[in-house]
Amino acid sequence: MSEKKDIKIVTKLVALIGGVIIFSSVLVAFIVFTTFARNQKKDSEKDISNTAHGTARTLVDWAITLDFGSCITAERDDVKAAVLKNDIATLDSISKYYGSVLDYEFMAFVDKNGNILSGDGDGVSKGTNIASVEAVRRALQGETANTYEPIFASSYASISARPIKNYGSVIGASVFVYDLTTDDFTSLVKDSFGCECTLFNGDTRVKSTLKGVEGTKLDNKEILDKVLKRGEIYEGENVIAGTEYHSTYTPLKNDDGTVTGILFIARSLESLNRVRNVTIGICVPTIIVIVIILMILSYLFIRWLMWRISNVTNQLADMSSGDADLTRRVKLLIRDEIGQLVITFNAFCDKLHRIISETKKSKDDLVVSGKSMTDCMKDSEVAVKQIVANIENISSHIAKQTQSVQQTAGAVNQISSNIESLNRMIENQASGVNQASAAVEEMIGNISSVNNSVEKMASSFDELSKNATNGFNLQNDVNEKIRQIESQSEMLQEANIAISDIAEQTNLLAMNAAIEAAHAGEAGKGFAVVADEIRKLSETSSSQSKTIGEQLTKIKESIGDVVSASNESSRSFSVVFDKMKETDQLVMQIKAAMEEQNHGSKQITEALRGMNDSTKEVKVASEEMKEGNKLILREVKELQASSDAMKDGMNEMASGAKKMNETSTSLSDISGQVRTAIDKIGSQIDLFKV
């Protein structure tokens with residue numbers, strides 16, 4: 001099998017470290033460039049948004065400046081007077097003055113019909129009617145107007161117009177205009193913010209820092225709907241004339257909220273790409289140089305490590321060939337992992353040096369031992385012959401012992417049969433005792449059951465006696481209550497008699513009162529009526545008294561019947577109570593007799609239990625004797641088997657002794673061979689230098 005040449009560890013480690021460095025560098029560069037591009041794009045978007053906001057604010061400030069100019073001119077009295085008188089010279093003088101002190105492209109004074117009376121700026125012609133301009137139209141209607149629209153020579157301008165009023169009546173308007181189509185505004189935006197700027201009149205580009213786009217229309221429907229129709233700001237990326245821009249479209253609104261144009265602020269994405277490319281152009285060569293330097297340093301470091309490891313390898317190579325010098329050691333340079341390897345290797349060499357030294361010393365001892373072994377083998381041969389003679393003598397004695405063991409086995413078998421007969425008799429006795437004990441226990445159970453029934457009967461009689469006593473006492477209480485009711489009914493009868501007497505007397509009084517009322521004549525009629533009512537009451541009371549008396553008589557008769565029945569019940573209770581006492585005494589006598597019988601049964605049971613326990617102990621002893629006899633019989637059999645085995649073993653020992661005798665002769669030859677092997681080992685150990 002041919003040897004396979006593997007790649008060196010230095011090459012593997014350098015390739016691995018180089019791959020890790022390159023992968024890490026590329027990954028870090030990718031993350032840095034991606035993060036840089038994302039953040040740069042976000043910053044650019046934020047910058048564009050701020051620029052658009054600031055530019056729109058600039059237009060608002062310009063409109064405020066125009067509004068200030070139109071305000072101060074519309075409120076001047078000399079302007080009002082000149083407009084009323086159509087004094088063109090005065091108005092021209094004022095126009096020139098404001099042209100020298102204010103910054104604007106156009107200004108004009110118009111009459112109430114919108115005709116220009118005087119103005120300043122290129123294209124402002126006297127007599128021209130500008131009433132169609134939205135700002136002028138609203139000013140002539142009495143409103144202050146700020147608009148973005150075309151006027152004069154400008155295709156798109158910021159206009160501020162104010163009405164000129166005389167005692168509340170509009171006589172004209174003052175108009176100030178910034179022309180947004182000049183380079184002032186768009187160039188200012190580009191120079192100040194570095195962004196592209198375009199002004200739209202509607203969807204048409206009227207002024208732009210982008211070349212070749214003026215006069216073209218915006219064809220993006222999404223932007224037109226969002227900005228011109230809904231009046232919202234649009235931000236995003238779009239392509240203009242083949243170039244990609246990040247842009248912001250801001251609606252330009254009149255002061256009434258009408259959108260008339262668009263302010264476009266954008267920055268080309270090519271600038272971001274140029275910055276990215278420049279960054280990549282700087283970072284990539286730097287990363288390559290760093291990777292090369294790191295790989296060179298890694299190679300040098302790994303080569304130095306492998307050189308230190310090769311010192312150990314060279315030492316092992318020297319030990320495996322040549323004179324096997326165990327006194328040489330690897331030099332320790334640094335105490336790191338490889339240094340620990342060197343320390344461990346040197347320690348191994350030290351230990352190997354000690355082992356070889358001890359082995360050399362042991363070689364001489366082995367030679368002496370070999371000679372001693374030969375002498376011992378000769379002595380062993382003589383001893384084996386003596387052992388064979390002794391084994392034959394022991395074998396004859398073992399034969400005699402075997403005969404004695406057989407006689408002992410016969411005697412033990414006879415004892416075993418006698419013990420089994422005794423065990424059967426003990427089992428019969430134990431069975432009889434168990435039956436007697438079961439019968440007595442059953443009788444005790446019946447006595448206990450009867451005793452429990454008697455106890456329950458005694459308890460029931462006790463409870464019945466108590467209830468009878470309570471019933472007798474309650475009956476006496478009832479009799480007493482009935483007597484009380486009888487005495488109370490007599491009192492009610494007496495009270496009824498008293499009521500009857502009162503009713504009779506009341507009737508007599510009523511009759512006397514009626515007689516006296518008759519004697520009194522007319523004066524006694526009212527008293528006669530009262531007397532008659534008293535009489536009726538007396539008759540009613542008498543009638544009720546009779547009824548009550550009859551009822552009381554019946555109640556008294558019923559009470560008498562109850563009293564006689566209650567007395568009869570009391571006598572019955574007395575008889576029952578006496579009979580219950582007699583029955584309770586009989587139950588107590590039965591209970592005492594049953595307790596004496598139960599006590600005697602328990603004594604019989606205890607005696608049977610003692611007899612049963614004794615029988616069990618005898619049975620257990622018999623079982624133990626039986627088991628002991630079996631054990632003796634088994635031991636005798638084992639002894640007999642052992643005697644046979646010993647006899648066979650002695651025969652085998654005799655044959656083994658003969659073989660040992662033969663082996664002793666062989667060992668003598670082997671001893672010579674061992675001495676030869678010891679000499680060879682000594683010659684190999686002598687190769688090591690210690």
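Colleague: By class, what residues does the lining of the largest cavity have?
Modeller: The lining of the largest cavity has five nonpolar, two polar and one charged residues, where Ala, Val, Leu, Ile, Met, Phe, Trp, Tyr, Cys and Pro count as nonpolar, Asp, Glu, Lys and Arg as charged, and the others, Gly among them, as polar. This is a predicted model, in which local features need pLDDT of at least 70 and side-chain atom pairs count only at pLDDT 80 or more, while totals for chains, interfaces and linings use all residues. Residues are numbered from 1 along each chain as its sequence is written, and side-chain values use heavy atoms, with hydrogens and water left out.

Colleague: Which residues line the largest cavity?
Modeller: Its lining is made of Thr 65, Leu 66, Gly 69, Leu 102, Asp 103, Tyr 104, Phe 176 and Tyr 178. Helix 1 and strand 5 each give two or more residues, and helix 1 gives the most, with three; helices (H or I, at least four residues) and strands (E, at least two) are DSSP runs numbered from the N terminus.

Colleague: And what volume does the largest cavity have?
Modeller: About 40 Å³, with a cavity taken, on a 1 Å grid over the protein atoms alone, as a set of points where a 1.4 Å probe fits but cannot get out, and a pocket as an open set with protein on both sides within 12 Å along at least five of seven lines, lining residues having an atom within 4 Å of a point. Grid points are joined across faces, edges and corners, and the volume is the space filled by probe spheres set on the points.

Colleague: Then which residues line the second largest cavity?
Modeller: The second largest cavity, of about 30 Å³, is lined by Arg 308, Asn 311, Lys 331, Leu 332, Leu 333, Ile 338, Gly 339 and Val 342.

Colleague: What about the largest pocket, which residues lie nearest its centre?
Modeller: Of the 14 residues that line the largest pocket, Leu 59, Val 60, Ala 63, Tyr 148 and Lys 253 lie nearest its centre. Its volume is about 210 Å³, and the elements that give two or more residues to its lining are helix 1, strand 3 (145-151) and strand 9. By class, that lining divides into seven nonpolar, five polar and two charged residues.

Colleague: Back to Tyr 178: is it buried or exposed?
Modeller: Tyr 178 is buried, with a relative accessible area of 7%; buried means under 20%, exposed over 50% and partly exposed in between, using a 1.4 Å probe and protein chains only.

Colleague: Switching to rings, how many aromatic pairs are there?
Modeller: The count comes to 10 aromatic pairs, with rings of Phe, Tyr and Trp (its six-membered ring) pairing if their centres lie within 6.5 Å, and planes under 30 degrees apart counting as stacked, over 60 as edge-to-face and the rest as tilted. The rings of Trp 62 and Tyr 178 have centres 5.1 Å apart and planes at 45°, so this pair is tilted. The pair links distant parts of the chain, with Trp 62 in helix 1 (residues 9-74) and Tyr 178 in strand 5 (residues 169-179), 116 residues apart.

Colleague: Which rings make up a cluster?
Modeller: Ring pairs link Phe 200, Tyr 234, Tyr 249 and Phe 264 into a cluster, and both Tyr 234 and Tyr 249 are buried.

Colleague: Now charges: how many salt bridges does a search of the whole structure find?
Modeller: The search finds 16, a salt bridge being a side-chain nitrogen of Lys or Arg within 4 Å of a carboxyl oxygen of Asp or Glu. One of them joins the side chains of Asp 47 and Arg 267, at 2.7 Å from N to O, and this pair links distant parts of the chain, with Asp 47 in helix 1 and Arg 267 in strand 10 (residues 259-268), 220 residues apart. Asp 47 is partly exposed at 30% relative accessible area, whereas Arg 267 is buried at 16%.

Colleague: How far apart in helix 1 are Arg 57 and Asp 61?
Modeller: Arg 57 and Asp 61 lie four residues apart, about one turn of the helix, and their side chains meet in a salt bridge of 3.6 Å, N to O. Arg 57 counts as partly exposed at 47% relative accessibility, as does Asp 61 at 36%.
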